[in-house]
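Let's take a walk through a protein model together. Keep the picture in view as you read.

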Amino acid sequence: MADDKHGFYSIVQRKPGEYHVRARERLDLENLLKGVPLPDAKIVDTPKADYACRIVTDEKTVLAVLAFLGKTLDYPNFKGKVDATPDQRHKPYHKVWRVMADSLGAYGKKGRRRD
């Protein structure tokens, strides 16, 4: 998977020692499991939650996921990499970037932040 990026994740600690690696699309977690060896990991579908699926795991596994993601970071521009990755390019990262840039600023311009 050297040329592929894996997906969009949210990682939270729900209670001590219990971590949820969450994704809005199952494919993102499937991509993650192709790259990082997690033999006991199971993808759980959670269609009524804001993230459609997740891997519920322990601290050791979360650290392995973070190490994998860090080691495979090989691009200078996130939005450009997403656009070059077929199973990721449909995601609205440019729109999210625009909202953040308009609100908080970018390229030396002040945003229109409202407190």
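What is the volume of the largest pocket? The answer is about 210 Å³. Here a pocket is an open set of points on a 1 Å grid over the protein atoms alone, where a 1.4 Å probe fits, with protein on both sides within 12 Å along at least five of seven lines; the volume is the space filled by probe spheres set on the points. Lining residues have an atom within 4 Å of a point. There are 13 of them, and Lys 5, His 6, Gly 7, Tyr 75 and Phe 78 are the closest to the centre. Helix α3 (residues 78-83) gives the most to this lining, with 3 residues.

A word on where this comes from: the model is predicted, so local features need pLDDT of at least 70 and side-chain atom pairs count only at 80 or more, while totals for chains, interfaces and linings use all residues. Residues are numbered from 1 along each chain as its sequence is written, and side-chain values use heavy atoms, leaving out hydrogens and water.

Now for the overall layout. The chain has 4 helices and 6 strands (DSSP runs: H or I of at least four residues for helices, E of at least two for strands, numbered from the N terminus). Starting at the N terminus, the order is β-β-α-β-β-α-α-α-β-β.

Next, look at helix α1 (residues 26-35), where Asp 28, Leu 29, Asn 31 and Leu 32 are buried (under 20% relative accessible area, with a 1.4 Å probe and protein chains only). They sit on the same side of α1 because they cover an arc of only 155 degrees around the axis, taken from the directions from the helix axis to the C-beta atoms.

Conventions. Buried means under 20% relative accessible area, exposed over 50%, partly exposed in between (1.4 Å probe, protein chains only).
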